Amino acid sequence: MQLSPLALKQIKRFKSIKRGYYSFIAICVLVALTLIAELLINSRALFVSYEGNWYFPTYGSVISGKTFGLNYDYETNYRDLQEVLKKEGKGTVIMPLVPYNPLENDFREGIYPPSAPSSKEKHYLGTDSTGRDVVARLFYGFRIAIFFSLLLLVCNYTIGVSVGSAMGFLGGRFDMIMQRIIEIWSNIPFLYVVIIVASIITPNIFTLMGIMLFFGWMAMTWQMRTTTYKERSREYVMAAKSLGASRRRIIFNHILPNSIFIIVSFIPFSISGGIVALTSLDYLGFGLPAPTPSWGELLRQGTNNLEAGWIVSSVVVFMIIILVMVTFIGEAVREAFDPKKHTTYE
Amino acid sequence: MTAYFVRRVLLIIPTFIGITLLVFTITRFVPGGPVERMLAQMQAMGGEGGSSGGGSSSGSDVGSNALSPDQIKELEAYYGFDKPVFISYVLWLKKVVSLDLGTSTRYSEPVWDTIKERFPVSTFYGISTLILVYLICIPLGIIKAIKHNSIVDNLSSIFVFIGYAIPNYVVGIAVIYLFASYFEFFPMGGFVGDEFEDLSTWEQFKDLLHHAVLPLISYVAGSFAVMTILMKNSMMDNLAADYVRTAMAKGLSFNRAVVRHAMRNSLIPIATSFGNNISVLISGSFLIEFIFNIDGMGLLGYESIVERDYPIVMGILVISSILFMVGNILSDICVAIVDPRVQFK
């Protein structure tokens, strides 16, 4: 794909805004890491060598305890296996950095969860009130939240861009009616309706996305309408029209490329918006069903167990870091597309 | 101009009908409505207590199990659930027009009275937040613009960014953990303390403030960032404008140029949202009220949804949507007042 000189210039400008550029790299790395989260934070071992055979249990089916000479049929507890093999010297086990998965309850004798952070137990941020590792829940929760937001964004923008540019380009009665509909839609208290609906059907990730999409498509539609409306009356559109370009050509080859900056500069804010919406719903208990790791659920646990401060503080700090970084990206993108050169007085 | 505003006011009516019709329909089609909820409660209470619930006074000879179909019908008729959606919507609308919002199914008292009780709490927080936000944002925005890229600017930017990125209830959770649980400077929640009645006026005032500090921090954190950025940006635009340069070229000092010329014009964008402030009456965020256990409008709305108290849900919706739409129009009027160049057609 050949990028236009303008786009190259904008990318260069974006890179020159250090705060935003580094946040962008950091977020990309984090998202990439969530894709291999099973290799970093998991109760299954990365690698087991036992009696000359090599095993890679991370992906793939359950390996029963009997395989490694243990006295049970269900899935091997690799943390215990590591100790056993070390003692007997029959093989080695390499565990991930955090050897817990987000769903397992780590109950130990004489310890009542939540337990405080300890690097000896490898619960680096402690456990929550049912003994699940906080790091694991935070990280897997982040994975769900970010991909939820991304998917929601794609759906929202598809609707927004197509309906919005149709409204701006066609105008007339269609525009009038859609304007009224959007006005009504955006006046409905979103959280109210989500709560009403979510308290009846226990939502899964797709129904939840459906509900959010149902109430979230207006913002982008409105933006695109305004942009198309403005672009339509510019000279280049008129020129294209007088040269005999078809409607389709005008929209797709002329107007859309020129309004792409609106879409791009809204992306970071939509992502943080999606994360926040999902977290709020989870916090109130109307979000994803129970054992799913999520920030909102951790926040809820944290506020219910304020004496176990490590839960609240780790979620809040992690949330601040991620959301502020996303905001930095958003601000940098906006500045790259629309540089405002201010005069400052000494 | 007058014609424009008259048209805007008239447009409130169809929009209002659209909003309320939509929510009304949703409340009708979801299962677990007030009647079913009441039946479930009666079953839970068992045969003895069954007759005390709700509108059925015909005794409980049916036994511990649910009411007879006739009685259920009676109940449904009592709450207006027996008619088709559209007819009962029209009936509801007729009552609303005559300023009757109906009766709460949970408290069995008029919706208006229930809502009215919560006004003082929400208005207190609404107005204090409003004043604090304007008091902080306007000066801070101006200082940040004048001292662009200085230490003051960059340091305050940290708070602005955090406030912008984080939803206000998370700020609430953070401060409640830090200042109420860990350091115990402030109470964990509530609007006033338990022994509020017994205190002298001065101590009552102190108690109220003591309880209000943390919620106010979270309310202000939610809205000061946007306002400060807006103020700073418009101030910087104006400082760079030719007319300020002209004023200074003609010998005006920098301070006077800022105060007399740039500042007045920079306030215009702030005015665009000024009219929406009439929503402070019911502006309680239910997440913040939920966290701090403040008995305001937000919490009332949340509880009435969870408890399926639809008359209250609809009542709050009526008030908030009208205030919101009137607020939008007021905002436009404010813009027209502060900036004579603006023409609405």
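Two strands count as paired here if DSSP finds at least two bridges between them. With that in mind, take strand E1 of chain A, residues 47–50: three bridges join E1(A) to E2(A), and the two run antiparallel. Before I go on, please note that this is a predicted model.

Staying with that pair, A:Val48 in the sheet has A:Tyr55 of E2(A) opposite. The whole sheet is open and has three strands, ordered E2-E1-E3 in chain A, with antiparallel pairing. What does that order leave at the edges? Strand E2 (53–55) and strand E3 (91–94) of chain A stand there, each with a single partner strand, so one side of each has no neighbour in the sheet. On average, neighbouring strands of the sheet are turned by 15° against each other, direction ignored. Helix H4 of chain A, residues 78–88, packs on this sheet and touches E1 and E3 of chain A. The direction of H4(A) makes about 145° with that of E3(A).

Next, the salt bridges. Over all chains, the structure holds 17 of them. One pairs the side chains of A:Glu297 and A:Arg132, at 3.2 Å, N to O. A:Glu297 sits in helix H12 of chain A, while A:Arg132 sits in the loop between E3 and helix H5 (134–170) of chain A, so this pair ties together parts that are 165 residues apart in sequence.

Now the contact between the chains. Chain A contributes 42 residues and chain B 48 residues. The two chains bury about 4000 Å² between them, and 79% of that is on carbon and sulfur atoms. How many salt bridges does the rule find across the interface of chain A and chain B? The count is zero. For polar contact, the count between chain A and chain B is one residue pair, with both residues at pLDDT 80 or more.

Which helices of chain A supply at least two residues each to the side that touches chain B? They are H6 (172–187), H7 (190–198), H11 (247–284), H12 (295–304) and H13 (309–337) of chain A. H13(A) gives the largest share of that side, eleven residues. By class, the side of chain A that touches chain B has 25 nonpolar, eleven polar and six charged residues.

Note on methods
Residues numbered from 1 in each chain as written. Chains lettered and ligands numbered in written order. Predicted model: local features only at pLDDT ≥ 70, side-chain atom pairs only at ≥ 80, totals over all residues. Heavy atoms only, no water. Contact = heavy atoms within 4.5 Å. Buried area = accessible area lost by both parts, 1.4 Å probe. Salt bridge = Lys/Arg side-chain N within 4 Å of Asp/Glu carboxyl O. Polar contact = N/O pair within 3.5 Å; in protein donor to acceptor, adjacent residues only side chain to side chain. Helix = DSSP H or I, 4+ residues; strand = E, 2+ residues; numbered from the N terminus. Nonpolar A, V, L, I, M, F, W, Y, C, P; charged D, E, K, R; others polar. Axes fitted to C-alpha atoms, helices over the stretch in contact; angles between N-to-C directions.
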